[in-house]
Amino acid sequence: MAGSTQKDDNGQVLALCGGVGGAKLALGLYRVLGPDRLTLVVNTGDDFEHLGLHISPDLDTVTYTLAGLSNTELGWGRANETWTFMAAVEALGGESWFRLGDGDLATHVERTRRLRAGESLTAIAGDFAARLGIRARLLPMTDDPVRTVVHTADGALPFQHYFVRLRCAPVATGFSFEGAAEAKASPDVLQALADPDLRAVVLCPSNPYLSIDPILALPDIRSALLRCAAPVVAVSPIVGGRAVKGPTAKIMAELGIPASSAAVADHYRGLLDGLVLDRADASEAAHLDLPIELTGTVMSSLQDRERLAKTVLAFAERLGSTAKERRHG
Ligand code: FO1
């Protein structure tokens, strides 16, 4: 592959990402690549209607993170938030289990207004990003409705009702992505995946089963990835057999999905040209039948995010020339 994917090249990089874990690496890629070289395809399976508003949590997490507005204590919403609206809703007997800060509320109100006026989620997400000074393309995976549903012993629950209202208490027996099979990737997503200048596709360390799978469940995204000339590299969100912190580790355990790098490699089988693992999982690397890059994948600081981004891009560059044959060999 000619040239490097670092600053001195105009090559494009596309990353699939979901919530918090994905947004961290997205920020690292954004800072390493510089303006107008990064396209983010973001999960919308967590979207839902609430208090009459259309909420797109993963789009907002990535947008706020790249704009430097994100609430790093909560892991969602905006920093320096106030909660007057939520308190007033509660006093009126409204639902307050899904916390909407006053600044964050503006995003939902404006997005809902513009959707009702007939604008697409893609157009709105792009305009919000531009207004917040973000020089990366922020693309919802589709403008069609896709909803992650968590199936539990007590019945099917919309993702946020399970994840936030019930705090993941019910035993998960499965999940589905309603609407994904019929949903069309947006033209912007398909164009980005077919861009001849595309140097690398990165699957960010979001939860594969909850945040990346809804994206891969879109038939035209999966097929575009298989056809893509650029190397496809995933970063495992699992470190040392755990690290899928909090509720998603519980969900995976209940679904009998082993929290191992081998399980991630297996899950993405046929899509990947390489997998980035944490050094803690070096012993697993020997048994995996695809190129592995061992590094530190835990991102606590901004430097961690940038370093991991550089490692992923250099790995993709090394894979570049063999990617095509490898995936179709
Ligand atoms: N997560 C919570 O655990 N509690 C909340 O009250 C909450 C509110 C919220 C508001 C806006 C938003 O964009 C995200 C919000 N999240 C909240 C996170 C949300 O559940 C995400 O879907 C998860 O982070 C998984 O992606």
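## Helix H8

Helix H8, which spans residues 208–216, is mostly covered, with 9 of its 9 residues buried, where buried means under 20% relative accessible area, exposed over 50%, and partly exposed in between, for a 1.4 Å probe and protein chains only. Among these buried residues are Pro208, Tyr209, Asp213 and Leu216. At the start of H8, a side-chain oxygen of Asn207 comes to within 2.8 Å of the backbone nitrogen of Tyr209.

## Basis of the description

This is a predicted model, in which local features need pLDDT of at least 70 and side-chain atom pairs count only at pLDDT 80 or more, while totals for chains, interfaces and linings use all residues. Residues are numbered from 1 along each chain as its sequence is written, and side-chain values use heavy atoms, with hydrogens and water left out. Helices (H or I, at least four residues) and strands (E, at least two) are DSSP runs, numbered from the N terminus.

## Asp47

Asp47 lies in the loop between strand E2 (38–42) and strand E3 (48–50). Asp47 is buried yet has no salt bridge, the nearest side chain of opposite charge being that of Arg147, 4.7 Å away; a salt bridge requires a side-chain nitrogen of Lys or Arg within 4 Å of a carboxyl oxygen of Asp or Glu. The side chain of Asp47 is, however, joined to that of His54 by a polar contact of 3.1 Å, a term for a pair of N or O atoms within 3.5 Å, of which, within protein, one must be able to donate a hydrogen and the other to accept it, and for which residues adjacent in sequence count only if both atoms are side-chain atoms.

## Salt bridges

By this rule the count comes to 13 salt bridges. One of them joins the side chains of Asp127 and Arg114 at 2.6 Å, N to O. This pair links distant parts of the chain, with Asp127 in helix H5 (residues 121–131) and Arg114 in helix H4 (residues 102–116), 13 residues apart. Asp127 counts as partly exposed at 21% relative accessibility, whereas Arg114, at 9%, counts as buried. Arg114, Glu119, Asp127 and Arg131 are linked in a network of salt bridges.

Arg269 forms a salt bridge with Asp266, the closest N and O atoms being 3.0 Å apart, and another with Asp289 at 3.6 Å, N to O. The Arg269 and Asp289 pair links distant parts of the chain, 20 residues apart. Arg269 is partly exposed, with a relative accessible area of 47%, while Asp289 is exposed, at 54%.

Conventions
Lys, Arg positive; Asp, Glu negative; His and termini not counted.
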